[in-house]
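Trainee: I have not looked at this one before. Can you take me through a few of its features?
Mentor: Fine. Ask as we go.

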Amino acid sequence: MRTTAAGRRARRTLAGAGAAVALLAGVLSGCQSGGSPDRGERGAQSGPRWNTAPTSVAAAGDSITRGFDACSVLADCPEVSWATGNDPAVRSLASRLLGEAAVPERSWNFAVTGSRMADLPAQLTAAAAHKPDLVTVMVGSNDACRPTASSMTPVADFRSGFEQALAQLRAASPASQVYVSSVPDLQRLWEQGKDLPMVRQVWKLGICQSMLADPLSLATGATARREQVRARVIEYNEVLREVCGKDALCRYDGGAVFQYPFAAEQLSRWDWFHPGKDGQARLAELAHRQVTAAEPPR
């Protein structure tokens, strides 16, 4: 059948319109699907999904996760750890997820008192050997708690240490989820204990001197030093958020621990700085709420 010139022009017009529609649809689809690049698990729907009911837990971190000063002075007390403890008064994250009977067999605590970010890669490598469903991370307080503010861990080193730690975990245990707690607001902890003479004597033993030295001083230098430490903690938390957000199976707490209004009843009766049993229970509650949530904190 012969086609007229008018018919050929009509087909070209329709074809051009169809291409334009397809191009517009592609642009709109790209705009709608393009989320924030650092949101990790909130990315492509085809990626791995967060499991709200993990059946094994490994913990990494520092003295907080070891329950330091929660049971006796200057000593670890891992049985009250917010992450993997078995004390019924705390109801750790592991006990809430697994049941208390399963905690000894299905949870592991690799945290070490005094640890900094530089120690996290080795801890996560040890945790990965168990192929845990969930790994908890709480580290950074000791990077800010140094003898002086000038000796705090540089932010760039903090970032590279966290990136290395996650990369090593992913290489050894790709399916393990990671729950990352923010660094606590150290200045708030100073506020809770600074007016107690006994506490000030304990602090002189060397606890977090970048924040706690000269606790009653309101001189410009002392105030500026505390603000510098708090600002560094905020920078660390931003690093935790950003790096975690690039991993589809990593969930940052959204600053929940940093923002939590720790009061005297949540702190150790020996140093008024580390969490006591009540504080450990509050940390466990925060973690459980976020690990079991269908969506991460906003």
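Trainee: Tyr 236, is that buried or exposed?
Mentor: This is a predicted model. In it, Tyr 236 has 0% relative accessibility, so it counts as buried, the cut-off being under 20%.

Trainee: How many aromatic pairs does the structure hold?
Mentor: There are two aromatic pairs. Phe 158 and Tyr 236 form a stacked one, with 4.1 Å centre to centre and 15° between the planes.

Trainee: Which parts does that pair tie together?
Mentor: Phe 158 lies in helix α6 (residues 155–172) and Tyr 236 in helix α10, so the pair links parts that are 78 residues apart in sequence. Phe 158 also counts as buried, at 0% relative accessibility.

Trainee: And Tyr 260 with Phe 262, how is that pair arranged?
Mentor: Tyr 260 and Phe 262 are edge-to-face, 4.8 Å centre to centre, with 65° between the planes. Phe 262 has 6% relative accessibility and counts as buried.

Trainee: Back to α10. At what angle do the axes of α7 and α10 cross?
Mentor: Helix α7 (residues 186–193) and helix α10 (residues 220–245) cross at roughly 135°, and their axes come within 8 Å. That angle makes α7 oblique to α10.

Trainee: Which residues make the contact?
Mentor: From α7, Leu 186, Gln 187 and Trp 190. From α10, Arg 226, Glu 227, Val 229, Arg 230 and Val 233. By class, the contact has four nonpolar, one polar and three charged residues.

Trainee: What about the largest nonpolar core, which residues touch the most other members?
Mentor: That core has 68 residues, and those touching the most other members are Trp 82, Leu 120, Phe 162, Val 180, Leu 186 and Phe 273. Its largest share, seven residues, comes from α10. Another core, of five residues, lies apart from it; Ala 70, Cys 77, Val 90 and Ala 281 are among them.

Trainee: Different topic. What is the phi of Asp 69?
Mentor: Asp 69 has a positive phi of about 65°, although it is not a glycine. Most residues other than glycine have a negative phi.

Trainee: Where is Asp 69 found?
Mentor: Asp 69 is in the loop between β1 (57–61) and α2 (93–98). Asp 69 is buried, with a relative accessible area of 0%.

Trainee: And Cys 208, what is its phi, and where is its place?
Mentor: Cys 208 is not a glycine either, and has a positive phi of about 40°. Cys 208 sits in the loop between α8 (197–203) and α9 (209–212). With a relative accessible area of 6%, Cys 208 is buried.

Conventions. Residues numbered from 1 in each chain as written. Predicted model: local features only at pLDDT ≥ 70, side-chain atom pairs only at ≥ 80, totals over all residues. Heavy atoms only, no water. Axes fitted to C-alpha atoms, helices over the stretch in contact; angles between N-to-C directions. Helix = DSSP H or I, 4+ residues; strand = E, 2+ residues; numbered from the N terminus. Parallel < 35°, antiparallel > 145°, perpendicular 65-115°, else oblique. Contact = heavy atoms within 4.5 Å. Nonpolar A, V, L, I, M, F, W, Y, C, P; charged D, E, K, R; others polar. Core = buried A, V, L, I, M, F, W, Y, C linked by side-chain atoms within 4.5 Å. Buried < 20%, exposed > 50% of the residue type's maximum accessible area, 1.4 Å probe, protein only. Phe/Tyr/Trp six-rings, centres within 6.5 Å; stacked < 30°, edge-to-face > 60°.
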